[in-house]
Each structure stands twice: as structure tokens, then as C-alpha cells.
Amino acid sequence: MRVNDGWMQMSQGFSVTPFVLQVGGQDVASLQGTCQAIAEDVAGALTAMAGSAGHQGLSAALTRAAGQGNRTFTTIWAAYGHTSQGLAASAQNYLDADQAVINNLGLFLGDRVRVGLQP
Amino acid sequence: MTSAGLTVPSGDPAALRQLAAQLRTAAQGSGNLGTNTSELTGAITSDAQWTGSASNSFSSFSANLSTGTSAAEAPLTRIAVAVENYANVLDVAQQKAQTANAIFQAAQDDPTGSMISTAEQYGQSAMDALDALQQAGDQAAQQVGSAADDLQVGSLFGAHGPVTSWAGGQPALGTYSLWQPGDPVPGQTETIPLDDGLGLGPESIPADDGLGPWIETIPADDGLGLGTETIPVDDGLGPPIETIPVGPQGPLVNYDSDLPILDGSGKLHMPVREDPLPSYVPADWTREDLEQVESDLKDSIDKRQEEMVDLGEDTPRGPAHRARINQEIRLLRQVQKKLSGS
């Protein structure tokens, strides 16, 4: 069943407005870009610190931290991409399922008209 | 940098402070990103009036993502603080070492010796600052190492959190603990080389030979060193040892320079091929020579008679060939006459 704002009550007992998910996926993609900028700043600062410390142990620790920061923020960046793509894919799935229901309903009404019944 | 006595410690405190400020800003950005993520994903679920199991999974994952991203702010800030503290100690140590060196130099140049005590005081103060610097560096290294541990994915998102579990199952991400700087970022195209079947170990990649990609058979080293070689055409006999067959037995050749000799085709000629046959038997020919020439003449005449048949009497070369046969017949008769003793 559909209402005028695109909200759907699906037959499996859950509801959703796919267009909101589509826009939300784009918003999360924007956050992914912010994450990438932060990751670059973190890795760049830590690596430069290691070169300016002048203390062997501290330089080594900063180099290790730079590597760890790079790994972590790359994972976070990928997780944002996963979230964004998941929202877009979910929205499309819901829209496809809704279209299939409409198509089936049209066939059903057409059959009733053909045999002389009220739609 | 050594002056009068103390080594001025290396390092750039001003740059360290600037970089620490940059890291603080990035850390705050991570905190804000987590907050914004929480607000946005909550709004998405709410505005979409999204319910059901998929909505629950999304909310769980995005909540973990926002929490972990915010949590990165703390260890990053701790690193910035540790580096700022070290930079301050480094700044003091460098200044004290430079001052002590300058005073030490001045004391050396002062003939009265009145500055020696002052130089010793500054020197001791600088030594203390250098010791403090070493301790500050060690302490900062420990703090940075601890913060780096807290920056791990498993620490930020929980060892069994949705994000950690998802990351561990991503082929492109692999095991995040083995993910090294410079590795491909997820989403980038990575070209995986084919297994060369040589197993693990260092390989020497040869320079491009310009022949393009193809299977090549590299010959074994022939021990002749580098250089241009002329490779003979394959005789189809296969490698490597060949037995050269003995050629067919040719006619015997008389290499005596005075006697006519058979050539490779079995025809008689004088040692100088253009010389005519003798019109008479030379006096110095021995009996053995006569017998040899007789035999050779017979063979040569037979050979030339065969060729005469193939060549034909009426061809352009026919008359000359016939004349040659007649010469040899005439010489044969003379030789036979000589052998008979007549």
C-alpha cells in the first residue's frame, strides 16, 4: 500500500520511504568525503612529526601511529562507503518491489474487467 | 651540531607545535564527524519511517560507525598533547645548549678566567635539560604508542562490533591488522599478478627484452660469455651431441703435381685445371704413375661418355665435350702402349 509521500507499508510488515533513503545515501557519501580529508590530515601530521621529532624512540612511535591511523581511517572511510551504498541499494530494492506489486495488481484488475466484474 | 662542548639536540620544536595543532584539528574533526553521522543516520531512519530488520541492521551499523569515529578523537588528541609537551622540552634544551656553548666559548676567550664559573653553571644546566629531553622523548614515545594502540579498529569499534566484523569480512580490506600504509584503498582497482609457479622467495625480474609477452625458451649458458653469437639454423637433429656421418667414398685423387688428377665429379684434369692434357706420355712418369693415370683415364672417359649422352652431341657444348673425350682416349692409348713396353 502506498500513500502520497512515498511511504510504503510492505506486505512483510515493515514500512519505508525509499526516496528518503536515496537522499540519505548521498548525504552519507558526503560524510565519507569529510572522513577522507581527516584521514589525510592525520596521516600527514603524524608522518611529518616523526621527521621533526629528533628523538629516535619518539620518531618510531609516531611512524607506527601514522600507519595505524592510516589503517583505521581507511576502514572508517570504507565503512561510510558501505553505508552510503547500502542505503541506495535498499531504496532501489524497495522501489523495485513496489513496482512489481503495481504490475501484478494491474493484471488482476484487467482480468476482472475482461470477465465483466467491477474492478 | 657541536660547538664548544655540548651537542645541540636535533628536532624542530616549532614545526612539532604546528603539526600538533593540525592533529588536534583533525581529531576534533573526527569527533564532529561521528556526531554528524549519528544525527544524520537517525534522521534518515526517522524521516523514512523505516522499520523492520533491515532498518535495525542499518541503525546498529551506523550507530557503531558514529561512536567509533568519535572515539578516534581521544587518542589523536593524546598524541598531539604528548608531542606538544616534548616540543616544549626540546625548545628549552636547544636554547640551553646553545647558550652554554656560547658562554663556554666566551670563557675560553677571556684571559682573566672570570667566566669559567658561569660557564660551568650554564653547562650543568644545559646537561640537565638534555637529560630531561631524553626522558621527555621516551615518555612521549610511550604515550604515542599507547594512543596508537587505542586507535586500532578493534579498540574504537569494539572487537565484535558491527563495523569490525564487517571490515574483517571484506576481501578488499582483509585483516585490518595486516593492512599496511601504501596498500590499496578500498574502492581502488588493484591488479593482482598471476602466480608464476616459482613459489615464495626473492626473484630477479629481467629487463624487458623488447620481444613482447610470450613464452620464451632461454638457452642454457654456453660458457662463452657475453657477445654477439651467430646461432646456426636448427638441423632438426635435436640437442646436443651429434654424430657427423661419414660422407660417401669419392674417387681416389692423385695429388702428384705432375700427373693429371680426378676431380670430385670423377673427371680427369691437370693439376692446374686450365692446362691441357699432355699430347704424349712424359718421360718422368713411372710405371706406377702410368697405371694410376690409366685407371683414372678410364674412369674419366666413362664419366664424360655418360655426360655426353645427357648433354647431346648437337648442343653448344657438345663438340667441345667430344673433343675432350677424344683427347683422353688418345692419352689412354699412349699410356697403355707405354705400359705394354712397345
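## Extent of the interface

Buried area is the accessible area, computed with a 1.4 Å probe, that two parts lose on being put together, summed over both. In this predicted model, chain B and chain A bury about 4400 Å² between them, and carbon and sulfur atoms account for 74% of that area. The size of an interface is often given in this way, as the accessible area lost when the parts come together. Chain B contributes 60 residues to the contact and chain A contributes 50 residues, where contact means heavy atoms within 4.5 Å.

Residues are numbered from 1 along each chain as its sequence is written, chains are lettered from A and ligands numbered from 1 in the order in which they are written, and side-chain values use heavy atoms, with hydrogens and water left out. Local features need pLDDT of at least 70 and side-chain atom pairs count only at pLDDT 80 or more, whereas totals for chains, interfaces and linings use all residues.

The rule finds 1 salt bridge across the interface of chain B and chain A; the term denotes a side-chain nitrogen of Lys or Arg within 4 Å of a carboxyl oxygen of Asp or Glu. Arg64(A) pairs with Asp149(B) in a salt bridge, with the closest N and O atoms 2.2 Å apart.

## The chain B side

Helices H1 (13–47), H2 (53–71), H3 (73–109), H4 (116–150), H5 (153–157) and H6 (162–168) of chain B each give two or more residues to the side that touches chain A. Helices (H or I, at least four residues) and strands (E, at least two) are DSSP runs, numbered from the N terminus. H1(B) gives the most to this side, with 15 residues.

## Chain A and Ser90(A)

Chain A has 2 helices and 2 strands, in the order β-β-α-α from the N terminus on.

Ser90(A) lies in helix H2 (residues 56–114) of chain A. Ser90(A) counts as buried because its relative accessibility is 18%. Not counting residues up to four places away in sequence, Ser90(A) touches Leu21(A) and Trp50(B).

Key: Buried < 20%, exposed > 50% of the residue type's maximum accessible area, 1.4 Å probe, protein only.
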